[in-house]
Amino acid sequence: MPRAGLNRTAVVDAALAIVDADGPAALTLAAVAARTGVATPSLYKHVGSLAELRRLIAVRLFDEFTATVTAVVLGRSGDAAMEALMRAYHEYATAHPNRYAFIPQQPDPDPEVNAAAERFVTLCFAVLKGYGFGDGDLVHATRVVRAAMHGFAILHISGGFGLPQDVAVTHQRLIETVLAGLKVTRGAAGTAS
């Protein structure tokens, strides 16, 4: 009989608490069992394996991340939408560095994880369509923006900005550079067609 109150959602919640506290590498079924107060074999009533638990977490985090960014982008377009997306991305990554580190950065063989990732990509496409990119150029623009957001977040989280100048000012300059670049790139893409 499963422990009262313990279900798949509670197991994922406990796993996320471990990730938040100690990072993705600390996630084991034994750690989750200890946190939930059950023997490790009891977890198999709720998740089939550590791989399945990792998949459930990845889907949850993609959905959480996408919902967070969607909330600030909704009702905006053009530069206002892109700036809101970039700020929300950075705020999520720096507020939840261990969760951010857990989010897959490459295609996953699991269709549910890929579907969750696709929801975020679709949001990026929607924001970038406001710049007038066609389908092929939309992919290139998304890659550029993603590289800028992810690279900046990783450097910030890892302490890569050790000089005393305010990182918020640097982030604002990154946003302004990306916005200006999108306009130049859109113009170049439009003349090439």
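User: Let's start with phenylalanine 120: is this residue buried or exposed?

Analyst: Good place to begin, and keep in mind that this is a predicted model. Phenylalanine 120 has a relative accessibility of 10%. Buried means under 20%, so phenylalanine 120 counts as buried.

User: How are the rings of phenylalanine 65 and phenylalanine 120 arranged as a pair: stacked, edge-to-face or tilted?

Analyst: A pair of aromatic rings is described by the distance of the centres and the angle of the planes. Here the centres of phenylalanine 65 and phenylalanine 120 are 4.9 Å apart, with the planes at 35°. Under 30 degrees would count as stacked and over 60 as edge-to-face, so this pair is tilted.

User: Which helices does that pair link?

Analyst: The two partners come from distant parts of the chain, 55 residues apart. Phenylalanine 65 sits in residues 50-73 and phenylalanine 120 in residues 111-129. The helices are H3 and H6.

User: Which helix gives the most to the lining of the largest pocket?

Analyst: This pocket holds about 540 Å³ of space, and Phe120 is among the residues nearest its centre. H3, H6 and H7 each supply at least two lining residues. With 8 residues, the helix that gives the most is H6.

User: How many residues of that lining are nonpolar?

Analyst: The largest pocket is lined by 22 residues. Of these, 4 are polar and 4 are charged, while the nonpolar ones number 14.

Definitions and conventions:
Residues are numbered from 1 along each chain as its sequence is written. This is a predicted model: local features need pLDDT of at least 70, side-chain atom pairs count only at pLDDT 80 or more; totals for chains, interfaces and linings use all residues. Side-chain values use heavy atoms; hydrogens and water are left out. Rings of Phe, Tyr and Trp (its six-membered ring) pair if their centres lie within 6.5 Å; planes under 30 degrees apart count as stacked, over 60 as edge-to-face and the rest as tilted. Helices (H or I, at least four residues) and strands (E, at least two) are DSSP runs, numbered from the N terminus. Buried means under 20% relative accessible area, exposed over 50%, partly exposed in between (1.4 Å probe, protein chains only). On a 1 Å grid over the protein atoms alone, a cavity is a set of points where a 1.4 Å probe fits but cannot get out, and a pocket is an open set with protein on both sides within 12 Å along at least five of seven lines; lining residues have an atom within 4 Å of a point. Grid points are joined across faces, edges and corners, and a volume is the space filled by probe spheres set on the points. Ala, Val, Leu, Ile, Met, Phe, Trp, Tyr, Cys and Pro count as nonpolar, Asp, Glu, Lys and Arg as charged, and the others, Gly among them, as polar.
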